Amino acid sequence: MRALINLLFFPGGLFLIVLALAYEYADRKVIARFESRIGPRWFQTLADIVKLLVKEEITPATAHPILFGVLPVVALSGALTAALYVPLLGFRPALSFPGDLVVTLYLLSLLTMSIGIAGWNSTSRFTMMGATRALTQLFSYEAPFMLALLGPAVVAESWQISEIVATNRGAWILLTQPFGFVVALIGLMGKLEMPPFDAPKAKTEIVAGALTEYSGRGLGLFHLGKEIELVVGLTLIAALYMGGIANPIEFFGKTLFLLMILCCLHAVLTRLRIDQTVGLWWRYGAVVVLAQWLVLIAWKGIVA
Amino acid sequence: MRFGTMLRDVWGSFFKKPVTQRYPFERLEAPDQYRGKLVWTPGKCNGCCLCVKDCPANAIELLTIDKKNKQFVMRYHADRCTYCAQCVQNCRLECLGMAHDQWETAGLKRETFVVNYGSEADIAIILAKHSPTDAAEPAASGAGPSGGSTATA
Amino acid sequence: MSVQADSIWSEALEKIKTWARVNSPWILHYNSGSCNGCDIEIVATITPRYDLERFGIKLQGSPRHADVLICTGPVTLQSRDRLKRIYEQMPDPKFVVAVGSCATSGGVFQGCYSVVGHIDEVIPVNAYIPGCPPRPEAIIDGVVKLLTSLLPAKAKK
Amino acid sequence: MMSTDVALQQAESLLAGLGKGTAKPEPNRLDVVIEASDLIAATTALRGARWGYLATLTGVDLGKEANQIEALYHLCEGDAIVTLRVRVPRAGGAVPSVYALHPNAMFFERELMEMFGVTVTGLSDTSHFFLPDGWPDGTYPLLKDTDVQAAAKQVKGSEPPEPGRQGDRFIVPVGPQHPALKEPGHFEFAVDGELVTGATVRLGYVHRGIERACEQQNYTQNLYLTERVCGICSHSHANAYVNGVEKLAGVQATPRAQAIRQLVACLERIHSHYLWLGVAAYEAGFETLLMYSWRDREIVMDVLEQMTGNRVNYSASVLGGVKFDVTSAHAQAIRHGMDKIEERTRHYLHVVTSDTSFLSRARGIGVTSKEEADAMGLLGPTLRAAGVTRDVRVDAPYGSYKQFPVKAVVDSAGDLAARFKVRMEEALESVRVIRTILDGLPEGDLTVKMPRKIPAGETISRFEAPRGELFYYIKSNGTDKPERVKIRTPSICNWIFVLKKAVGAQMADVPPLLAGIDPCFSCNDRTIVINRPRHGRQVLTWEELRRQAITHTRR
């Protein structure tokens, strides 16, 4: 029974969707304020999702109908299950087992994978290009992002998130591994396709990228999945790099601070071409993280 | 080569009040030379039709009831008008003007854009003479590009 | 009892649907032959001084994502079929706003040979905003009038 | 820049043997009547001596009795204009194509073919240029006796071809409706992965048949029709038309009216360049710059609305003068606005020339050398960004540009970043000129009496619009309706450049490249099919293309 409540209400479905909508509202409001605009009203993201869910859904003739309908559900479920392993609001994560850090990361990239397949499945020109760009970007940021997040795990010598958070209580890994933090943050921007990494859904080049053919329910579920991914990503980085999260106030403080940094980068940078993003990741991202790992292992070897 | 040159702007406007005008709730006046809806004062008009001749979108029609004692009705198509004020420039008797406060002229049906200026009695005569359906889209007398605007079916 | 309960439930659902549609109208802009005077005023409504995002309005790229088609221009013969095609690609419920004198009545281009005239000869139009070009506030006024007309009759202010 | 008479003498000497008769209708114009067969020889002679560029090719229907059509090839060098007049029979006339010498001639020749029925021999592509796809063959809209309304009725639906996979070429359509395009135009990019291998464009979506409509309306109505050719440079079109008609009527607008016209033209240049700065940055993905440049553009829009009564189509000029006066209150508002604009423009100049992430998307895109730009017949800031100082306000000052001179802004880099820089510096230059106009605004009344019937004659009026040189040819026949009004807008000459640079570029760079020339579709509603560089059809072998791409990305 308790598991059902976990799944449906508290750290799982309903509460998480409300939290995700709140974070998307905060994101759009901060961006609007950066551009000296008023920005949306508080219930805007709720109205968007409800409108999308009640809108007529059109399935393109050339797309495989079942796959077209299933992919948004797969994306959303990927994001929802990833949220179960993450210490939302500072409480102990609902589920926890050794090695769940790696599982969470792969559940998050399940969403990008389903967007890629959705783009390939609805055979319009723009979705095809959007899909190839999304997957190319996935392969470019995935490795450095994973390594950056495993940094604190090595310090805490365990792959279990709750374990890592417990042992690193109060220790701000951010200071000892600054490069890891920067790469993790920018990796999160790449995963969420926030500008300057929004080549896969570049409005002025390929209309809406992989989601061009989706309307109504499918689009709504993809949107929701993206927002939940934002919340999960922020909590993960805050938990691992900024000395764990003890109570809800600390949770909101740290994640909103990270969100502010993301929005600042979003407002100040121009969208990078896909070859520039891949170049940036493999030339700088991966090298920096690997260098930091060598230092970490050397330090671990000598001290421990 | 500097990084983030827009940073000062972005942070500045984050802490300042946004420049947005909350339009429907706080309504700023248009400048007094703004060219809004056309207004016709029947007083001095002698029916010379110079305004009708030079209107690029044949948006004005002067329907004469009787020329001697200057009884006219002006039918103004607000949807055809391009607000260029050439008629105001042409009229030597200054009986045409552009209202600078009437620019919220959006409507849900096209019929609401045809406006008849003139005294009530004259308008009644004109509406009676033209059957209601015809009143909405009469063939304009102005020198349209093809000698009369395309009377929509 | 159940029939009466159903009607309450469906009426409540209907109210929520209308509330959602009125509060998050995503727009799609198409210029069917306009001189782009109206188009720059439409883009001006999204920039900081007028900011349509406070009504929940977002400019979308794909017809699939849009609810309201904002259309300008006197529909040249070449863009007549593309306009119809875009209108059909939009999912229901969809609305059309004709911005500018050209879209409402052909404006200065009435009688030109390669111009159809006004937009409601090609697709059904829900709101007209005359003006050459209409001020950004007039465009906002037109969109607000369209949205309030969607509210259920009694709740209209 | 040699003086006008020297240029004209040089041209006369070059064309000595070929011309059947020369005339000088105006001090800076030379008309040379030549045979169709000598056309190639004449243009080669002029082109050989690097004499000017082909401004446009005007077709004039001389009517049923004369049973002839006259094709006028206008070549400009600074202030001097040489017109080669070629007469061909009305039915079945033929003219050789000068495409090899002047690349932009291709558009004008296809327009001549489509509108007058004159066949141009040697032209590779003869599909419809302006007219809608379903236009009935054999009906030529600009011939006097064609019943255009009947022809328009016959145009059935033009079902757009489904751009499927043509052979191994994967076609990406950037259709008439696309977030990157504020106006309708249909582009088809053959794409291989991210590399563009071929580009075609079909623009005629905004062709409203303005030149035909001008012949049926009187001069006053035409003023407002020409003003609405393009919404962003409306004042430029209206002024080019008014300057031409006033020259025909022999009327000189009062100095105060001309100064006010130049004032509104400079304000329009600032608002057009700010608009372009926002849209071009948005194409490259820098949304914040769009929001900020359009927020600051509102300053100029308020000033224009307060002074002229409309934000976009100001309808400032009337035949023979100006409608409104610039009171001291307006002057005060303009000065205050200009101080703010100057400060903001310097900031944007700094952003555009030094922001790393922006320059990574703007530097090295669509690079063109000085000779290549000149050879392709580019116009406006795109040309000046490549190093060629060609600006009608400097070469052939009209109206009050003599009292309030303007300096041409030139850069030599020739890429997208240079175009941003040139346009921002032009905005600063406009601010300086506005202040000089406000200080020295001459006294006097606003309008001059203008006859309704314009005496017969023909004239050429050139005007520097924000996007480049605007070319009007107006012919009057003594009635109150013009005989022929030819409008050639700047964006048309820049299209060939865009598509040539698109081949081999990344797909992500194509929208900023398109926005780079500040295209105004409604200005030109032209179409070209060009996916091969100037010298004939060149099929890029895969190896060549790969080398080109690698050199391109390594830079």
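**Notes on the predicted model, chain by chain**

1. Let me start with a pair of residues in chain B: B:Met74 stands opposite B:Tyr117 in E5(B). The strands E3(B) and E5(B) run antiparallel and are joined by four bridges. Two strands count as paired if DSSP finds at least two bridges between them. Helices (H or I, at least four residues) and strands (E, at least two) are DSSP runs, numbered from the N terminus.

2. A word on conventions: this is a predicted model, in which local features need pLDDT of at least 70 and side-chain atom pairs count only at pLDDT 80 or more, while totals for chains, interfaces and linings use all residues. Residues are numbered from 1 along each chain as its sequence is written, and chains are lettered from A and ligands numbered from 1 in the order in which they are written.

3. Next, the sheet of chain B. Its three strands form an open sheet in the order E2-E3-E5, with antiparallel pairing. At the edges are E2 and strand E5 (114–117) of chain B, each pairing on one side only. From one strand to the next the twist averages 20°. Helix H4 (residues 120–129) of chain B packs on this sheet and touches E2, E3 and E5 of chain B, its direction making about 70° with that of E3(B). Axes here are lines fitted to C-alpha atoms, for helices over the stretch in contact, and angles run from 0 to 180 degrees between N-to-C directions. As background, strands of a sheet pair through backbone hydrogen bonds, either parallel or antiparallel.

4. Strand E2 (residues 60–66) of chain B and strand E3 (residues 71–77) of chain B pair in the antiparallel sense over six bridges. B:Asp66 stands opposite B:Gln71 in E3(B). Between E2(B) and E3(B) lie four residues, and B:Lys70 in the turn has a positive phi of about 55°.

5. How far can you trust chain B? Its mean pLDDT (the predictor's confidence in each residue, from 0 to 100) is 78, and 84% of its residues reach 70 or more. Among its elements, helix H3 (residues 86–90) of chain B has the highest mean pLDDT (90) and helix H5 (residues 132–136) of chain B the lowest (43). Over residues 132–153 of chain B, pLDDT stays under 50, and the model has 43 contacts beyond four places in sequence for this stretch. Two residues are in contact if their C-beta atoms, placed from the backbone, lie within 7 Å. Where pLDDT is low, the predicted coordinates should not be read in detail.

6. Overall, chain B comes to five helices and five strands, running α-β-α-β-β-α-β-β-α-α from the N terminus on. Of its 153 residues, 39% count as buried. A residue is buried if 20 or more other C-beta atoms lie within 10 Å of its own, exposed if 12 or fewer, and partly exposed in between, with C-beta atoms placed from the backbone.

7. Chain C has five helices and four strands, in the order α-β-α-β-α-β-α-β-α from the N terminus on. Buried residues make up 65% of its 157 residues. The C-alpha trace of chain C spans about 65 × 35 × 25 Å along its principal axes. Of the contacts in chain C with a separation of 6 or more, 79% are between residues 24 or more positions apart.

8. In chain A, have a look at helix H5 (residues 100–121) and helix H6 (residues 125–156), whose axes come within 8 Å and cross at roughly 175°. H5(A) and H6(A) are therefore roughly antiparallel to each other. (Angles under 35 degrees count as roughly parallel, over 145 as roughly antiparallel, 65 to 115 as roughly perpendicular and the rest as oblique.) The contact includes A:Leu105 and A:Trp120 of H5(A), and A:Leu138 and A:Glu142 of H6(A). Its residues divide into 12 nonpolar, six polar and one charged. Ala, Val, Leu, Ile, Met, Phe, Trp, Tyr, Cys and Pro count as nonpolar, Asp, Glu, Lys and Arg as charged, and the others, Gly among them, as polar.

9. Finally, chain D and its neighbours. The contact between chain D and chain B takes 26 residues from chain D and 23 residues from chain B. On the side of chain D that touches chain B, helix H7 (219–227), helix H10 (287–308) and helix H11 (328–354) of chain D each supply at least two residues. H10(D) gives the most to that side, with six residues. By class, the side has eight nonpolar, 14 polar and four charged residues.

10. Towards chain C, 45 residues of chain D are in contact with 35 residues of chain C. Helix H5 (148–153), helix H6 (210–214), H7 and H10 of chain D are the elements that give two or more residues to this side of chain D. The residues of this side divide into 24 nonpolar, 11 polar and 10 charged.
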